[in-house]
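Visitor: I have never looked at this structure before. Could you walk me through it?

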Amino acid sequence: MSARAEQKQQTRLALMDAARRLMDSGRGFGSLSLREVTREAGVVPTAFYRHFQEMDELGLALVAEVGGTFRDTLRVVRQNEFELGGIVEASTRIFLDAVSANRSQFLFLAREQYGGSQRVRQAIAAMRQRITDDLAADLKLMNRMPQLDEPAMDVIADLVVKTVFATLPELIDPPAESLPAHLQPEAKITQQLRFIMIGGKHWRGLGRSPADN
């Protein structure tokens, strides 16, 4: 990479880092202005347009970044599941460690899945669906719920991913000191995922009456 290309990449990353730092104070991405981000990054506003046409494009870059981190984490989880015979607790620990190590990325994801930018929300929803599809394929390969057909496995995968996404804000923000141990975010998500997986093993699938399950 040439020195000029490297400098351009550094500026792009500086803009992304600046947006995340501004969000650390509790603000949503939609409330950030281009001038605030460039000032925080230490570049002039005109430099922004060499990388992004508008703020939403910066938001899409942040989605792509956390999506890459998510995929890398899931790759480790898959190795734990397939090669090491991992259990829910171990796989959850891998994910929680990734959230802790990349807090600002997952903070952006936690907030902006319900944020003000429609384009960013749609990009996060598309990323979540890709993760769900990958998980459904993994669950089929594991064959721990052989009684379930493909649509039912899709439902299980969707429930797992939505549980993880819904719990992200609790995993990032410090819990209340009065919260009992079993309701602490880390304990709660582990138990919820275990509940889903155990329930899936006993579920008979879609279109069955309650008496059949």
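Guide: Here is a short tour, from the whole chain down to single residues. The model is predicted, so to speak of local features we need pLDDT of at least 70, and side-chain atom pairs count only at pLDDT 80 or more, while totals for chains, interfaces and linings use all residues. Residues are numbered from 1 along each chain as its sequence is written, and side-chain values use heavy atoms, with hydrogens and water left out.

Visitor: How many helices does the chain have?
Guide: Helices (H or I, at least four residues) and strands (E, at least two) are DSSP runs, numbered from the N terminus. Along the sequence the pattern reads α-α-α-α-α-α-α-α-α. There are zero strands, and the number of helices is nine.

Visitor: What percentage of the residues of the chain count as buried?
Guide: Buried means under 20% relative accessible area, exposed over 50%, and partly exposed in between (1.4 Å probe, protein chains only). The chain has 213 residues, and the share that counts as buried is 39%.

Visitor: Which residues of helix 6 are buried?
Guide: Helix 6 spans residues 103-112. Seven of its ten residues are buried, so helix 6 is largely enclosed by the rest of the structure. The buried ones are Q105, F106, L107, F108, L109, A110 and E112.

Visitor: How are helix 6 and helix 7 oriented to each other, roughly parallel or roughly perpendicular?
Guide: Axes are lines fitted to C-alpha atoms, for helices over the stretch in contact, and angles run from 0 to 180 degrees between N-to-C directions. Helix 6 and helix 7 (residues 118-142) pack at about 105°, with axes 10 Å apart. Angles under 35 degrees count as roughly parallel, over 145 as roughly antiparallel, 65 to 115 as roughly perpendicular and the rest as oblique. The two helices are therefore roughly perpendicular.

Visitor: Which residues make the contact of helix 6 with helix 7?
Guide: Contact means heavy atoms within 4.5 Å. Helix 6 brings F108, L109 and E112, and helix 7 brings V120, R121, I124 and M127.

Visitor: How many aromatic pairs are there?
Guide: Rings of Phe, Tyr and Trp (its six-membered ring) pair if their centres lie within 6.5 Å; planes under 30 degrees apart count as stacked, over 60 as edge-to-face and the rest as tilted. By this rule, the count is seven.

Visitor: What kind of pair do F29 and F108 form, stacked or edge-to-face?
Guide: Their ring centres are 6.1 Å apart, with 90° between the planes. F29 sits in the loop between helix 1 (3-23) and helix 2 (34-41), and F108 is in helix 6, 79 residues apart. F29 is buried at 2% relative accessible area, and F108 is buried at 1%. The pair is edge-to-face.

Visitor: What about F70 and F95, are they stacked or tilted?
Guide: F70 belongs to helix 4 (residues 55-82) and F95 to helix 5 (residues 88-101), 25 residues apart. Both are buried. With 5.5 Å centre to centre and 35° between the planes, the pair is tilted.

Visitor: Which residue lies over the face of F165?
Guide: F165 belongs to a cluster that ring pairs build with F70, F95 and F106. A charge sits over a ring if NZ of Lys or CZ of Arg is within 6 Å of the ring centre and within 35 degrees of the ring normal. At 5.7 Å from the ring centre of F165, that residue is R128.
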